[in-house]
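Here is a short note for someone opening this structure for the first time. Please read the points in order, with the model beside you.

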Amino acid sequence: MDWVRERAEANGGFLHRAELLDFHLDGAKLPIIDYSRGIRNPATFGSTLSIVSTANGPYDDTESDDGLLHYAYRDGDPWSGDNRKLRNAMTTGMPLILFRKEVRNIYTPVFPVYVVDDYPEERTFVIALDESFMFMKDVRDMNVAQKEYAIRLAKQRLHQPAFRTRVMVAYDTQCAVCQLRHGALLDAAHIVPDWHELGSPTVTNGLALCKIHHAAYDQDMLGVTPEYTIEIAVDLLQEIDGPMLKHGLQEMHGRALRLPVRAADRPDPGHLSWRYEAFRAKAKPHA
C-alpha cells in the first residue's frame with residue numbers, strides 16, 4: 001500500500017496498468033491487480049489483495065445511496081475460491097485496495113477499504129471506506145448520522161480521487177496554465193466549486209493546475225475567460241516582488257489556456273463564464 005500511495009502521488013493520483021502488473025516484493029514478482037479479472041487473490045495470501053470497480057465491467061459492482069460499494073460475488077461456488085478470500089477479509093478485518101478503472105489502463109487507488117458485510121441472498125459483499133463500519137451490527141440499518149458520514153466519506157475518498165484522475169488524464173498530467181508536468185505538484189481544480197449545484201466532479205468542470213496556480217485561481221488572483229484566456233488581477237500585475245511573482249503569475253497574463261486534446265474534455269464555457277464573473281467582481285482584472 002505504501003508503494004501504491006507513492007506511485008499514485010508521483011503520477012498525479014493514479015497508476016498505469018503496466019506498473020501494477022510489474023510490482024516486485026523481495027525480488028519476486030507480485031502483480032497488484034489480476035491480468036484479466038477484477039479481483040486479485042495471490043496464492044500465498046489468505047485474503048483478497050485488491051478489487052477493481054468499473055462501470056463497464058462484467059459484474060454488477062455499484063455504489064449505493066448510502067456511500068457503500070456492493071461488490072458482486074465471483075462466478076461459481078459462493079463459498080470457495082475468490083469469494084472465500086473476500087469473506088476471509090471480512091472475518092479477519094484485513095484491508096484491501098480498491099482500484100477504480102476510470103479510463104483504459106488507468107486505475108485510481110482507494111485504500112484501505114474493508115469488506116464489512118456479506119449478502120448471500122443478493123450474492124454481493126459490502127465494501128466500506130472506513131474501518132469503523134466493521135463494528136456496526138448491520139450496515140443495512142445505519143442511522144441518519146452514520147449514513148451522512150458514509151456519503152461524505154465516499155465523496156472525499158471515492159469521488160474526488162476519481163475526478164482528479166479524469167482531469168489529470170485529460171490534461172496529460174500538466175498544468176493548463178504553465179505546463180508543469182510533475183504530477184505530485186498538480187491539483188484537479190473545480191471551475192464551479194463543488195459546494196455549488198453546478199459544481200459536479202466532471203472533467204468539463206475541472207482544470208489541471210499546479211499548486212500555485214490553483215491557489216491563485218481559488219483566491220481570484222488568476223482568472224480564465226470563457227474564451228480560454230488567462231488573466232491576472234490588476235493589483236497583482238502592478239505589484240513588485242521576486243521572480244516567483246514575475247515569472248509564475250504576471251507572465252501568465254494574456255496566455256491561452258492549454259486545453260485537452262479531446263474536445264469533449266474541454267472546460268465548459270458556461271462554467272468558466274460563471275467563475276470569471278466572480279473573478280472580475282473581486283479582482284478587477286487588467287483592462
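1. Start with a salt bridge. The side chains of R100 and E102 pair at 3.9 Å, N to O. A salt bridge here is a side-chain nitrogen of Lys or Arg within 4 Å of a carboxyl oxygen of Asp or Glu. E102 counts as buried, at 17% relative accessibility. Buried means under 20% relative accessible area, exposed means over 50%, and partly exposed lies in between (1.4 Å probe, protein chains only).

2. Some ground rules. This is a predicted model, in which local features need pLDDT of at least 70 and side-chain atom pairs count only at pLDDT 80 or more, while totals for chains, interfaces and linings use all residues. Residues are numbered from 1 along each chain as its sequence is written, and side-chain values use heavy atoms, with hydrogens and water left out.

3. The overall build. The chain has 8 helices and 14 strands. These are DSSP runs numbered from the N terminus: helices are H or I with at least four residues, strands are E with at least two. The C-alpha atoms fill a box of roughly 70 × 50 × 30 Å along the principal axes. Of the 287 residues, 49% are buried. Take the contacts between residues at least 6 apart in sequence: 57% of them join residues at least 24 apart. Contact means heavy atoms within 4.5 Å.

4. The whole structure holds 14 of them. Side chains of opposite charge can pair when their charged atoms come close. E19 and R7 meet at 2.9 Å, N to O. This pair links distant parts of the chain: E19 sits in helix α2 (residues 17-21) and R7 in helix α1, 12 residues apart. E19 is buried, at 16% relative accessibility. R7 is partly exposed, at 30%.

5. A linked set. R37 lies in the loop between β3 (28-29) and β4 (39-40), while D82 is in helix α3 (residues 81-92), 45 residues away. R37 is partly exposed because its relative accessibility is 39%. D82 is buried, with a relative accessible area of 15%.

6. The cores. The largest nonpolar core has 32 residues. Such a core is a set of buried Ala, Val, Leu, Ile, Met, Phe, Trp, Tyr and Cys residues joined through side-chain atoms within 4.5 Å. V177, L207, L209, Y217, L222 and L257 have the most contacts inside this core. Elements that each supply at least two of its residues include α4 (144-170), β12 (206-210) and α5 (211-218). A second, separate core has 29 residues, among them Y73, I127, M142 and L158.

7. A closer look at L222. Neighbours within four places in sequence are set aside here. L222 is then in contact with V177, H213, A216, Y217, I230, E231, I232, L249 and F279.

8. Two buried spots. T225 is in the loop between β13 and β14. T225 is buried, with a relative accessible area of 5%. Beyond four places in sequence, T225 is in contact with E231, L272 and Y276. G248 belongs to helix α7 and is buried, at 12% relative accessibility. Not counting residues up to four places away, G248 touches H213 and P243.

9. Backbone points to check. The peptide bond from F111 to P112 is cis, with omega near -5 degrees. P112 is placed in strand β9 (residues 106-119). N105 is not a glycine, yet has a positive phi of about 65 degrees. N105 lies in the loop between β8 and β9 and is partly exposed, at 33% relative accessible area. T173, another residue other than glycine, has a positive phi near 50 degrees. T173 is in the loop between α4 and β11 and counts as buried, at 14% relative accessibility.
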